[in-house]
Amino acid sequence: MSTTLIEIRRAKSADAEEVASTHDEAWRTSYQGIIPGAELDKLINRRGPDWWDSAIRKGSRITVLQFGDRIAGYANYGRNRARSLFYEGEVYELYLRPEFQGLGFGRRLFTAARKDLVQSGLKSLVVWALSDNEPAMEFYRALGGRAVARSSEKFGPKTLDKVAYAWPQG
């Protein structure tokens, strides 16, 4: 019998290459057909290993879910950036490689990020999701998030709607 270890931990500089690769795979899967191709490529290419290494070294809150010797997903989070929303924390990104989706890993990563935010005094939380990304919308609703705001974001020539899901004090 073999056992594969699942570990959720803070990202280290040595993880930058795998986090970049996870970001690339997850974004291509999540946003293909939603964000125009050239724009999607630009957004992905801007977040290569050097970008992730710099973010990790500067102390950005990036937590990874490691499955065996592979990074299966990551969450990037911190203070809420939207001043109009009265929530303290924000999960900026939460992504899993496609083959690790639907296994409960996203929930585990979200729970770890939320716990870390609460421990640093950021007790309420908001997450933004593109409304055309139905799997993400379903995921946040299943975690108990309530839609509290709508906005839009421009990706090249295309404007996409996004929804903010929130969790009050927790």
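## The sheet

Seven strands make up an open, mixed sheet, ordered β1-β2-β3-β4-β5-β7-β6. Strands here are DSSP E runs of at least two residues, helices are H or I runs of at least four, and both are numbered from the N terminus; two strands pair if DSSP finds at least two bridges between them. β1 (6-10) and β6 (146-155) each have a single partner strand, so one side of each edge strand has no neighbour in the sheet. From one strand to the next, the twist averages 25 degrees.

This is a predicted model: local features need pLDDT of at least 70, side-chain atom pairs count only at pLDDT 80 or more, and totals for chains, interfaces and linings use all residues. Residues are numbered from 1 along each chain as its sequence is written, and side-chain values use heavy atoms, with hydrogens and water left out.

## Edge pairing and helices

β1 and β2 (residues 61-67) run antiparallel, joined by five bridges. One pairs R9 with V64 in β2.

Helix α3 (residues 49-57) packs on the sheet and touches β2, β3 and β4, where contact means heavy atoms within 4.5 Å. Its direction makes about 115 degrees with that of β2; axes are lines fitted to C-alpha atoms (for helices, over the stretch in contact), with angles from 0 to 180 degrees between N-to-C directions.

## Zooming in on K162

K162 sits in β7 (residues 158-167). Is K162 buried or exposed? At 16% relative accessibility, K162 counts as buried (under 20% relative accessible area, with a 1.4 Å probe and protein chains only).

Among the residues K162 touches are W128, L130 and E153.

Note on methods
Buried < 20%, exposed > 50% of the residue type's maximum accessible area, 1.4 Å probe, protein only. Lists of a residue's contacts leave out its neighbours within four places in sequence.
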